[in-house]
Amino acid sequence: MTSLPGGSDQGGSTAERRRLVCARCGTPAHGPQPVTWTCSVENGVRQYFCDACSRENLRAIEGRLDSAWW
């Protein structure tokens, strides 16, 4: 198992302890990361995208284009 720098395998990740917000539109998640959201690691930073933004940009996500491109 690989952890991000500064992360810990003990006690959950930082994302689990803070409220998630869509990196594109700012929509807050209710509870832990919903299964319909997308997680992307770009330049070593973990970003989360809501289901609406994920659907709108599915081709770019599948093409592994950074969110800055779309």
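Two strands are taken to pair if DSSP finds at least two bridges between them. Helices (H or I, at least four residues) and strands (E, at least two) are DSSP runs, numbered from the N terminus. The structure examined here is a predicted model, in which local features need pLDDT of at least 70 and side-chain atom pairs count only at pLDDT 80 or more, while totals for chains, interfaces and linings use all residues. Residues are numbered from 1 along each chain as its sequence is written, and side-chain values use heavy atoms, with hydrogens and water left out.

The overall picture comes first. The protein has three helices and two strands, and along the sequence these follow the pattern α-β-β-α-α. Of its 70 residues, 23% count as buried, where buried means under 20% relative accessible area, exposed means over 50%, and partly exposed lies in between (1.4 Å probe, protein chains only). Contact here means heavy atoms within 4.5 Å. Among the contacts with a separation of 6 or more, 30% join residues 24 or more positions apart.

Strand β1 (residues 38-42) and strand β2 (residues 45-49) run antiparallel to each other and are paired over five bridges. Within this pairing, Cys39 stands opposite Tyr48 of β2, and Val41 has Arg46 of β2 as its bridge partner. What lies in the loop between β1 and β2? Asn43 has its place there, and this residue takes a positive phi of about 55° although it is not a glycine. As background, most residues other than glycine have a negative phi. Asn43 counts as exposed because its relative accessibility is 76%.

The cysteines make a second point of interest. A disulfide is a covalent bond between the sulfur atoms of two cysteines; the criterion applied is a pair of cysteine sulfur atoms within 2.5 Å. A search of the whole structure finds zero disulfides. Cys50 is in no disulfide, and the nearest cysteine sulfur, that of Cys53, is 3.7 Å away.

Cys50 is found in the loop between β2 and α2 (51-56). Leaving aside neighbours within four places in sequence, Cys50 is in contact with Cys22, Cys25 and Trp37. The C-alpha atoms of Cys50 and Arg24 are separated by 8.2 Å, although these residues are 26 apart along the chain.

Grid points are joined across faces, edges and corners, and a volume is the space filled by probe spheres set on the points. The second largest pocket has a volume of about 200 Å³. Of its 12 lining residues, the closest to the centre are Ser40, Glu42, Ile61, Arg64 and Leu65. Strand β1 gives the most to this lining, with five residues. By class, the lining of the second largest pocket holds six nonpolar, three polar and three charged residues, with Ala, Val, Leu, Ile, Met, Phe, Trp, Tyr, Cys and Pro counted as nonpolar, Asp, Glu, Lys and Arg as charged, and the others, Gly among them, as polar.

Arg64 lies in the segment after α3 and counts as exposed, at 77% relative accessibility. Arg64 and Glu42 are 22 residues apart in sequence and 9.9 Å apart in space, C-alpha to C-alpha. Asp66 is likewise found in the segment after α3 (58-62), and is partly exposed, with a relative accessible area of 39%.

Conventions. 1 Å grid on protein atoms, 1.4 Å probe; cavity = no way out; pocket = protein on both sides within 12 Å on 5 of 7 lines; lining within 4 Å.
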